[in-house]
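Visitor: I'm new to this. Could you show me how to read strands and charged pairs in a structure?
Guide: Happy to! Let's bring it up and go step by step.

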Amino acid sequence: METGDVGPGLCCASFNQDSTSLAVGTKTGYRLFSVTSVDKLDCIHESTETPDVYIVERLFSSSLVVVVSQSVPRRMNVYHFKKGTEICNYSYSNNILAVRLNRQRLVVCLEESIYIHNIKDMKLLKTLLNTPSNPSGLCALSINHSNSFLAYPGSDTIGEIIVYDANNLSTVTMIPAHDSPLAAITFSASGTKLASASERGTVIRVFSIPEGLRLFEFRRGMKRYVNISSLSFSPDAQFLCASSNTETVHIFKLEQHTPSWSAYVGKMFTAASSYLPAQVSGMMSQDRAFATVRLQMTGQKNVCALAIIQKLPRLLVASSDGQLFIYNIDPQDGGECTLVQKHRLFGSDKDLEETEKSELPEPPQACQSYAATVAIPTSGPVTATLTGYSEDGGAKKGEVIPEHEFAAGPVCLDDETEFPPVSIPCSGLMKKSS
């Protein structure tokens, strides 16, 4: 979901699990935005303590945020951003490429290994070693904690997907999804569907989970290969959006067609397919985009999400040039989506309007930070050393932060007064074992 290290100080961008928040990493730190309104983009927190943030992930609407910096790419820091304190940190044997969160698990992906933590106490539960080379850190974690499935590439030469049960710590299935290596994967909110695209970017497939059966196949295009950078289901899993390095975002509708005139025509094409080249006859039987968006930029990486904002379906696109675009979607007729608002992730929207009028860049202005409205504790973390190792992966515990309360029972993550679900503050070193 990262946008890459391009743009005016933008290193990465990611939506949280229910697309109510947008996190961006910058050259000077990171910012968290609320995206629950179309007309207003609230910056709810800004941190300038860590430079060159290339991974930032927020857990739903809680105060828990995970940050990884280019300055220390092997270390993951977990913060309570509303208290302005660090909960814990972990270091690994190689650079961290991706972090995924749900209410049960925190997953850290390296190029050839994956670490699964219990998010409540950050205990290392499982280390998947010697996974196929995955230089982009491609992985997906279901946001449904009862269906806590993890998906990652099963091969670096073809598009195999390993589906792993992160709750029961066991492999579920292997899906032969594509002929070429994977470029994007994502789960539906319920964890019962998985969408994938390959490096070719021409076909997007949707599979049932945990069975791994193919449910839908959508053709994004046939004229050229593209780099699909983002896939996202709508909350009800009725729609799937895909963005790439082109100017077009495609939205597909997941529906089983009933017999109709189009079905009759489809049968005619099927009957004639024996006379057509295999590639052409195959494409005739596949669905095309239900709705599309023509972005105002091209060649830039972006991350997209489908969300319900103010009771209407919207498409959100955060671009690597530091802008957030919000589009309306017609859920009945589809077609071309309408741009209803765009916001700057640096400076203010007023700056954006003035920039467009004058066609001259405006200097970015500081976003109102959470620290400006609440008192930040003056006492820093108190360091104590506690050595020891977990059962799996050699997790060495270190720094302890005793000022934190411990969560004794179930945690209400959406409550403004909640404490992130971490029971044992810790830091450690993940040592790659044989």
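Guide: Keep in mind that this is a predicted model. Start with the open sheet of five strands: its order is E21-E22-E23-E24-E28, and the pairing is mixed.

Visitor: Which strands are the edge strands?
Guide: Those are E21 (228-233) and E28 (335-336), since each pairs on one side only. Strand E21 runs antiparallel to E22 (residues 239-244), and the two share five bridges. Along that pairing, Leu231 sits opposite Ala242 in E22.

Visitor: Now the charges. How many salt bridges does a search of the whole structure find?
Guide: The general idea is that side chains with opposite charges can pair when their charged atoms come close. Here the search turns up seven salt bridges. One of them joins Glu57 and Arg100, with the closest N and O atoms 3.6 Å apart. That pair ties distant parts of the chain together: Glu57 is in strand E5 and Arg100 in strand E9, 43 residues apart.

Visitor: Are Glu57 and Arg100 buried or exposed?
Guide: Both are buried. Now try Lys40 and Asp42, whose side chains meet in a salt bridge at 3.7 Å, N to O. Lys40 counts as exposed because its relative accessibility is 52%, and the cut-off is over 50%. Asp42, at 33%, is partly exposed.

Visitor: What about Arg294?
Guide: Arg294 forms a salt bridge with Glu247, at 3.5 Å between the closest N and O atoms. Arg294 lies in strand E24, while Glu247 is in the loop between E22 and E23, 47 residues apart.

Visitor: Which residues are linked in a network of salt bridges?
Guide: Arg205, Arg214 and Glu217 are.

Note on methods
Residues numbered from 1 in each chain as written. Predicted model: local features only at pLDDT ≥ 70, side-chain atom pairs only at ≥ 80, totals over all residues. Heavy atoms only, no water. Pairing = 2+ DSSP bridges. Helix = DSSP H or I, 4+ residues; strand = E, 2+ residues; numbered from the N terminus. Salt bridge = Lys/Arg side-chain N within 4 Å of Asp/Glu carboxyl O. Buried < 20%, exposed > 50% of the residue type's maximum accessible area, 1.4 Å probe, protein only.
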